[in-house]
Amino acid sequence: MSTNGTSNTLGQAEQLSLLAAPSVPLQFRLDERTRRNGLQHVAALRAQIAAQAAQRLASSASSRRSTGGSHRQIAA
């Protein structure tokens, strides 16, 4: 695994990536199968998140259309 970004001198978390990097110490390197599986999993999660966002957007647009976007006042 390699790190994206700058070195961590302030004790902050570092972002890890699944990119191949020959400069990474041997104990932190991923084999090609693990890297490929990780990238496939990330792609699947991104697709799932995008589908959920599209569904929320469609649902929101549908509810606005069905209510006409206006508010009726109820007389007491």
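Where in the chain is confidence lowest, and where is it highest? I looked at this first, since the model is predicted, with local features needing pLDDT of at least 70, side-chain atom pairs counting only at pLDDT 80 or more, and totals for chains, interfaces and linings using all residues. Residues are numbered from 1 along each chain as its sequence is written, and side-chain values use heavy atoms, with hydrogens and water left out.

Confidence per residue, given as pLDDT from 0 to 100, is lowest in strand β1 (residues 2–4), with a mean of 44, and highest in α1, with a mean of 90. I noted that residues 1–6 have pLDDT below 50, although this stretch has 17 contacts (heavy atoms within 4.5 Å) beyond near neighbours in sequence. For the chain, I found a mean pLDDT of 76, with 59% of residues at 70 or more.

I then read the order of elements as β-β-α, taking helices (H or I, at least four residues) and strands (E, at least two) as DSSP runs numbered from the N terminus.

Next I looked up burial, where buried means under 20% relative accessible area, exposed over 50% and partly exposed in between, with a 1.4 Å probe and protein chains only; buried residues are 8% of the 76 in the chain.

Last, I found 1 salt bridge, defined as a side-chain nitrogen of Lys or Arg within 4 Å of a carboxyl oxygen of Asp or Glu. Glu32 and Arg35 form this pair at 3.3 Å, N to O, and both lie in α1 (residues 32–67), 3 residues apart. Glu32 counts as partly exposed because its relative accessibility is 49%.

Note on methods
pLDDT = per-residue confidence, 0-100.
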